[in-house]
Amino acid sequence: MELSYSGAFISNEDLNHIRPLIKENHYLLDKKTGKGNELLGWMDLPSNYDKNEFERIKTTAYKIQDESEVLIIIGVGGSYLGVRACIEALNHSFYNSLSKEKRRFPEIYFVGNNLSSKYFADLLEYIEDKDISLNVISKSGTTMEPSIAFRVLKNLMEKKYGNREARNRIYITTDREKGALRELIRLEGYESFVVPEDICGRYSVFTAVGLLPMAVSGIDIDEIMKGIYDGMIEYSEEDFDKNICYQYAAIRNILYRKGKDIEILANYEPSLFYLSEWWKQLFGESEGKNGQGIYPASANFTTDLHSFGQLIQDGKRNIFETVIMIESLEKDLELNFDGDDFDGLNYLSGLSLNYINAKAFEGTREAHENGGVPNIVLTLSKLDTFHLGKLMYFFQKACVMSSYIQDINPFDQPAVEKYKNNIYRLLENNKEATSCI
């Protein structure tokens, strides 16, 4: 992976000023003595993961593939976004719509990430005649959205298959020792996997949280682990000039200090939509504290150039972009020649869509930079399992470094409980009313 950025917005003086801070925080990370150090287990996960559980994940994935038409993943936030990002980036764009013969693996659907009755009812209607398995992912086991989804689907499966067979089709990923789901596992005997104690949700995609559903969808999880291992080695480099992960963290903080407080993660591949959603949680929940934090937004180009491209180009100058570009794609199409040339595009005939897309990126980058929007560009040689794993590890480490630069603990989320408490308080009123009936 390569990193480039808008030199017009970042001076050598800016970089020299932040280098000592990067070096200081590198040692905090390396020695695991910084804020939230008890939750740095993801850093050396590529070399310290549970090999026995890893093999059990593969065995379980084969079992699910063999006996189920559909895998339903129940989770929200860090228990949902990372795995969906990987499945959608690495599989066919219309994975669930392919014939069983072409897809080869179970359809995959996600629930427990919202409270929409329509979404849930439509899913239940769709799966009513299909053989299904559930993967419930929740460290606490009490988060409202997945808990509601599991309650409904557990009941459905027990009615459909009977208690014994339902237990055989339910797989739970949760805390090793405690929590509501761990108690249920002890009671029911469900097959279970672990969310490590030293890894919080938004950094957990390469644990069983993400690996089991990925494996069911046909993703080579050995290759994923090779990618994050390569990232672990490369991004542990102390030398700022050799570590693009630290460079990214530094550049975005320099821009933040210059009033650029909105970062748009942009891509030119629709399959990266959920990577952006995962990235937004990663940075938003890690950095957004104490009145600080760069606001994480996303854009899917060229689509969004036709909606809020005007704002990016000519709106308030508090934006910078981080763009993910893919050099080579496995699939490409060549534009054909048309005798009538009704659209005036014959001058493009013979060119590949990938080439045209790359030129769209170049033209957009030039326009945005000329309009006062700095661009950081991350270029991947290809979009495959290895490189996606490495990219996501890159973002995880850069996020922690960026948070440390701002003197923020990247692993807590104290304000999240406020809206949850309000929801529970309002629902408690219904509980009181019900008890009076």
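Guide: A residue counts as exposed when its relative accessible area is over 50%, and as buried when that area is under 20%; in between, it is partly exposed. The model is predicted.

Start at the surface. L115 has 52% relative accessibility, so it passes the cut-off and counts as exposed. L115 sits in the loop between β3 (107–111) and α6 (117–127). Together with I148 and V152, L115 makes a nonpolar surface patch of about 240 Å².

Now go inside. The largest nonpolar core has 93 residues, and W278 and F395 touch the most other members. Helix α16 (residues 385–405) contributes the most to this core, namely 12 residues. Take F395. Beyond its neighbours within four places in sequence, F395 contacts Y248, L265, W278, W279, L282, F283, I324 and L378. There is also a second, separate core of 23 residues, with L134, L153, A166 and Y190 among its members.

F395 also has a place among the rings. One aromatic cluster is formed by Y235, Y248, W279, F283, F394 and F395. Across the structure there are 17 aromatic pairs. Y49 and F54 make a tilted pair, because their ring centres are 5.1 Å apart and their planes stand at 55°. F54 is buried, at 3% relative accessible area.

Which elements does a covered helix pack against? Take α4. Nine of its 10 residues are buried. They are L81, G82, V83, R84, A85, C86, I87, A89 and L90. These buried residues pack against β2 (70–74), β3, α10 (208–216), α11 (221–234), α13 (273–287) and α16.

The charged pairs come next. Side chains of opposite charge can pair when their charged atoms come close. This structure holds 31 salt bridges. One lies within α4. E88 bridges to R84, with the closest N and O atoms 2.9 Å apart. The two residues are four apart in helix α4 (residues 81–90), so about one helical turn separates them. An α-helix has 3.6 residues a turn, so residues three or four places apart point the same way. E88 counts as partly exposed because its relative accessibility is 30%. R84, by contrast, is buried, with a relative accessible area of 16%.

A bridge can also link two helices. E188 pairs with R167, and their closest N and O atoms are 3.3 Å apart. E188 belongs to helix α9 (residues 180–188) and R167 to helix α8 (residues 163–169), so the bridge ties together parts 21 residues apart in sequence. Both ends are partly exposed: E188 has 21% relative accessibility, and R167 has a relative accessible area of 30%.

Next, a bridge between a strand and a helix. E263 and R252 meet at 2.6 Å, N to O. E263 lies in strand β7 (residues 262–267) and R252 in helix α12 (residues 244–257), so this pair joins parts 11 residues apart in sequence. Here both ends are buried: E263 at 0% relative accessible area, R252 at 1%. Elsewhere, salt bridges with shared partners join E53, R56 and E191 into one network.

Return to α9, the helix of L184. Setting aside residues up to four places away in sequence, L184 touches F150, K154, G189 and Y190. Y190 is one of the residues of the second core. From L184 to Q247 the C-alpha distance is 45 Å, across 63 residues of sequence.

Finish in strand β6 (residues 191–195), where V195 lies. V195 is buried, with a relative accessible area of 4%. V195 and F206 are 11 residues apart in sequence, and their C-alpha atoms are 10 Å apart in space.

Key:
Residues numbered from 1 in each chain as written. Predicted model: local features only at pLDDT ≥ 70, side-chain atom pairs only at ≥ 80, totals over all residues. Heavy atoms only, no water. Core = buried A, V, L, I, M, F, W, Y, C linked by side-chain atoms within 4.5 Å. Buried < 20%, exposed > 50% of the residue type's maximum accessible area, 1.4 Å probe, protein only. Contact = heavy atoms within 4.5 Å. Patch = residues over 30% accessible without salt bridge, like charges linked within 9 Å, V, L, I, M, F, W, Y side chains within 5 Å. Areas by Shrake-Rupley, 256 points an atom, 1.4 Å probe, with all protein chains shown as cover. Salt bridge = Lys/Arg side-chain N within 4 Å of Asp/Glu carboxyl O. Phe/Tyr/Trp six-rings, centres within 6.5 Å; stacked < 30°, edge-to-face > 60°.
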